[in-house]
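Trainee: I have just opened this entry and would like an orientation. Could we look at it together?

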Amino acid sequence: MRACVDIGGTKVSVSLNAGGGDRALLATRTEPTVQSGTPDVLACQVVRMVDEACMQLGVLPQSVQSAGVCAPGPFLLEQGAIALASPNLCGGLTAGHDRSNDWRTVPLEAPLRQRFTQLRIENDAVAALEAERRWGALQQDGRPLDHCAYLTWSTGIGMGLCVDGRVLRGKNGNAGHAGHSFVSDNLDALCGCGNVGDVEGLVGGNAIGRRFSTLGYPDAATLFIAAKAGDTRAGALIDDLCRVMGRTLYNLIATLDLQRISIGGSVFWHHRDWLLSKLQAEVAGKLPALTDGCDIVAAGLGERVGDFGALALVA
Ligand SMILES: [Zn+2]
């Protein structure tokens, strides 16, 4: 039995898996991510939730010694062990946003190594990419694609990248943080990371509420409901969001020569019927020598891409 852990800025999800090629996720539990206390409370929450899942399933907690953990980046190495420096978790890093803590980093690998003898921690978009290549939309005839990316459009914007069959990681496991690429001089586009005018600051789920609440759209859901009801101003704002995201997709293709990008994340997933064709249209026809032969598709694993991402790290 192994543990599959998906840490997000909003919630933590834990499942158990029997191994041996079985993809069933058992005793799944979800809780809000702890936001206050000492920085190691997050690792303590993970360990407690795994132990509770074991009790629910009737297995001894010590029989679960292997864990796959996906978490939001950026990562830092503290004495060689992965710690999280994510603006979506650490109040000490966030510019201009209320947080109930002043954390600058959250230790993860060091405390979890005390509980699990086998542990693999990856950025959540990298884990999702691996799951999509094995079981989702980034495979063909049962074989993982060699040149592909997974993009999450959620509270934040993140990517997992694969070129020539190799998943890209980088010096601290942070390859794919192109959501923090600068694309605009908009002064209203303050990202949680402190950048003004990066992709996430313009189109991330948090950014949508922050930028458009004074126009009567306090969150992404309200904006999309209004657009679907015929509100042309809401529709135009969404078109602007798709222009930014479409350029981001184009830049990815131009940089990495990809054959397919799959997209997930709550903002995209809940409104994919509206967004997918717009994003495809933003890319189609631009420099065909690069973009022809690259498909843009919805995540094959849908809303479960996070859980399966954690499974991909241990299965
Ligand atoms: Zn940013």
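Mentor: The chain has 11 helices and 15 strands. The model is predicted, so local features need pLDDT of at least 70 and side-chain atom pairs count only at pLDDT 80 or more, while totals for chains, interfaces and linings use all residues. Residues are numbered from 1 along each chain as its sequence is written, and side-chain values use heavy atoms, with hydrogens and water left out.

Trainee: How much of the chain is buried?

Mentor: Buried residues account for 53% of the 315. Buried means under 20% relative accessible area, exposed means over 50%, and partly exposed lies in between, using a 1.4 Å probe and protein chains only. Of the contacts with a separation of 6 or more, 60% involve residues 24 or more positions apart; a contact means heavy atoms within 4.5 Å.

Trainee: Turning to the metal, which residues hold the zinc ion?

Mentor: The protein donors are His180 (ND1), Cys191 (SG), Cys193 (SG) and Asp198 (OD), at 2.0 to 2.3 Å from the zinc ion. Donors are N, O and S atoms within 2.8 Å of the metal (3.2 Å for Na, K and Ca); water is not among the atoms, so sites may look incomplete. Along the chain, the donors are spaced as H-x10-C-x1-C-x4-D.

Trainee: And what geometry does the zinc ion have?

Mentor: The site is tetrahedral, with angles of 103 to 115° among the four donor atoms. Four donors count as tetrahedral if all angles lie between 85 and 135 degrees.

Trainee: Are Cys191 and Asp198 buried or exposed?

Mentor: Both Cys191 and Asp198 are buried. Phe182, by contrast, is exposed, with a relative accessible area of 55%. Phe182 sits in the loop between S13 and helix H4 (199–203).

Trainee: What does Phe182 touch?

Mentor: Not counting residues up to four places away in sequence, Phe182 touches Asn195, Val196, Gly197 and Asp198. From C-alpha to C-alpha, Phe182 and Gly197 are 5.7 Å apart, although 15 residues separate them in sequence.

Trainee: What joins S11 to S12?

Mentor: Six bridges join strand S11 (residues 148–153) to S12, and the two run antiparallel. Two strands pair if DSSP finds at least two bridges between them. Tyr150 stands opposite Gly160 in S12, and the two strands form a hairpin with three residues between them.

Trainee: Which residues does Thr152 contact?

Mentor: Thr152, in strand S11, is in contact with Ile157, Gly158, Gly264 and Gly265, leaving aside neighbours within four places in sequence. Thr152 is buried, with a relative accessible area of 16%.

Trainee: How do S12 and S13 pair?

Mentor: S12 and strand S13 (residues 166–167) pair in the antiparallel sense over two bridges, and Val163 stands opposite Arg166 in S13. They form a hairpin with two residues between them, where Asp164 in the turn has a positive phi of about 55°.

Trainee: One last topic: why is helix H11 largely enclosed?

Mentor: In helix H11 (residues 305–314), 10 of the 10 residues are buried, so the rest of the structure largely encloses the helix. Among them are Phe308, Leu311 and Leu313. Their cover includes strand S1 (2–7), strand S2 (11–17), helix H3 (124–135) and S11.

Note on methods
Tetrahedral: all angles 85-135°; square planar, octahedral: opposite > 155°, others 65-115°. Helix = DSSP H or I, 4+ residues; strand = E, 2+ residues; numbered from the N terminus.
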